[in-house]
Amino acid sequence: MIESRWVFDDAYPTDILHRHEELNALSRLLKPATVGHRADDVLIHGPSGVGKTATARRMLRDLRQRAEVSSALIECSGKTGNEILHEAIEKYPKGTVVHRNQPRVELVATLEKIVTEPLIIVLDEADVIPDLEVLKDLFSVDLISVIAITHSNTEWLNRVDRDLRVHFHGDSQIEFDKYGVQELVDILEPRVEHGLTGDPTQPGQLERIADETGGVARWAIKSVLSAAELARERNHDYFYNDDVADSFEHAMQKIRKANLRSLPLPHQRLYEIVRAIGPVSGGEMKTTYREHKDAIFEGRGHDSVTWRRAWDYLSKMDDYDLIKMPGDTNAKVYEAVDPELEAPVEFDLRETAEISSE
Ligand SMILES: Nc1ncnc2c1ncn2[C@@H]1O[C@H](COP(=O)(O)OP(=O)(O)O)[C@@H](O)[C@H]1O
Ligand SMILES: [Mg+2]
């Protein structure tokens, strides 16, 4: 039934379908790099699972093949500004070995010295970078440009230093929307062809998957894999309708778990709070946050944040389908979507309340 699980992986290299406009915009902004100049900066934004990372990755691979353009994709979750600079140096092809705990100015000086051809740095999941000062450091190096990938453009830009916002003005923003049903079916077909043995799907099933997953490619792709897993478990030779029906939650559970694991520690602790106290009102959430703030940010490299910024953390977890919260959705309260799902952290609410009140 399953020929290759890798085909269903986020990092599986693939042709990008139905993103012509987005690819053209990206290509236009990055073009200066193909003739030795600094590329324009880009802000890619949109919901989780709609091809933001895959599209950027694909574009950079093409560019590297066509021109002397270097790029580094940095998964920002849980990384400090210093760690991001450090990774940029390590990933630069002419990079040198530097110590992780070198001061910021020295890391920037190293970048200035070694970057002699255009370098495009992708800051993936840039909304969870705790301190956006790192943008200033990156922009201070002549040939470095940035592609920031975020959930919401406005929330993120609000956190960017006023002087730096021009880097991500209107024309440099590329929005990624959810796919239409037929578009998503086209995206699913090659996965079925290369990832499964024979074609175990029945007419109309891919359309159903594309429809029920609301145009979110990751969910749809993982649902196909889940349907195959369920069919195999149940000794079916092909997808029964029940396998497809059960695939959505099966896939979503795995996605939620992976999303939660990918988040920085303070986000995970905050998630544990929502899980423990939800469903609660906004007011109660805010009060509880303040009570446990010290515990949430305990440890090296975590600076505690205001409630406004904690709200961004929560909103990221909403985008990741980990919690429901008042805001864009119809929810009236804060609560975990799946209260059974635990974050991989030791965090006991009663103990932390004592710690913070000490
Ligand atoms: N247009 C597309 N064509 C082919 N595959 C796609 C497309 N968009 C998304 N995918 C696939 O969907 C999955 C999720 O995409 P990803 O780029 O990781 O989403 P995001 O970064 O927006 O959360 C990946 O497996 C990716 O290859
Ligand atoms: Mg991504």
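In what sense do S1 and S4 pair, and over how many bridges? S1 and S4 pair in the parallel sense, over four bridges; two strands count as paired if DSSP finds at least two bridges between them. Helices (H or I, at least four residues) and strands (E, at least two) are DSSP runs, numbered from the N terminus. The structure is a predicted model, in which local features need pLDDT of at least 70 and side-chain atom pairs count only at pLDDT 80 or more, while totals for chains, interfaces and linings use all residues. Residues are numbered from 1 along each chain as its sequence is written, chains are lettered from A and ligands numbered from 1 in the order in which they are written, and side-chain values use heavy atoms, with hydrogens and water left out.

The pairing of S1 with S4 belongs to the following sheet. Five strands, in the order S2-S3-S4-S1-S5, form an open sheet with parallel pairing. Strand S2 (70–75) and S5 are the edge strands, each pairing on one side only. On average, neighbouring strands of this sheet are turned by 15° against each other, direction ignored; axes are lines fitted to C-alpha atoms, for helices over the stretch in contact, and angles run from 0 to 180 degrees between N-to-C directions. Strand S1 (residues 42–45) runs parallel to S5 and is joined to it by three bridges. Isoleucine 44 has isoleucine 174 as its bridge partner in S5, and isoleucine 149 as its bridge partner in S4. S3 and S4 also pair in the parallel sense, over five bridges, and valine 122 stands opposite isoleucine 147 in S4.

Seven of the seven residues of S4 are buried, so S4 is largely enclosed by the rest of the structure. Buried means under 20% relative accessible area, exposed over 50%, and partly exposed in between (1.4 Å probe, protein chains only). In a regular strand the side chains alternate between the two faces of the sheet. In S4, Ile144, Val146, Ala148 and Thr150 point one way, and Ser145, Ile147 and Ile149 the other way.

Helices were examined next. Helix H3 (residues 81–91) has Gly81, Ile84, Leu85, His86, Glu87, Ala88 and Ile89 as its buried residues. Their cover includes S2, helix H4 (104–114), S3 and H5, where contact means heavy atoms within 4.5 Å. Helix H12 (residues 282–296) packs with helix H13 (residues 307–319) at an angle of about 110°, the axes being 11 Å apart. H12 is therefore roughly perpendicular to H13; angles under 35 degrees count as roughly parallel, over 145 as roughly antiparallel, 65 to 115 as roughly perpendicular and the rest as oblique. Met285, Lys286, Tyr289 and Arg290 of H12 make the contact with Trp307, Ala310 and Leu314 of H13. By class, this contact has five nonpolar, no polar and two charged residues (Ala, Val, Leu, Ile, Met, Phe, Trp, Tyr, Cys and Pro count as nonpolar, Asp, Glu, Lys and Arg as charged, and the others, Gly among them, as polar).

Rings of Phe, Tyr and Trp (its six-membered ring) pair if their centres lie within 6.5 Å; planes under 30 degrees apart count as stacked, over 60 as edge-to-face and the rest as tilted. By this rule there are seven aromatic pairs. The pair of phenylalanine 139 and phenylalanine 168 is tilted, because the ring centres are 6.0 Å apart and the planes stand at 50°. Phenylalanine 139 lies in helix H5 (residues 133–139) and phenylalanine 168 in the loop between helix H6 (153–159) and strand S5 (173–175), so the pair ties together parts 29 residues apart in sequence. Phenylalanine 139 is buried at a relative accessible area of 13%, and phenylalanine 168 at 1%. Phenylalanine 297 and tyrosine 313 form an edge-to-face pair, 6.2 Å centre to centre with 65° between the planes. Both of these residues, phenylalanine 297 and tyrosine 313, are buried. Ring pairs also link Phe139, Trp156 and Phe168 into a cluster.

Arginine 256, in helix H10 (residues 241–262), is buried, with a relative accessible area of 5%. Not counting residues up to four places away in sequence, arginine 256 touches Glu249, Tyr320, Asp321, Leu322, Val337, Asp338 and Leu341. Arginine 19, in the segment before H1, is buried as well, with a relative accessible area of 3%. With the same exclusion of residues up to four places away, arginine 19 touches Val50, Thr55, Phe176, Asp177 and Tyr179.
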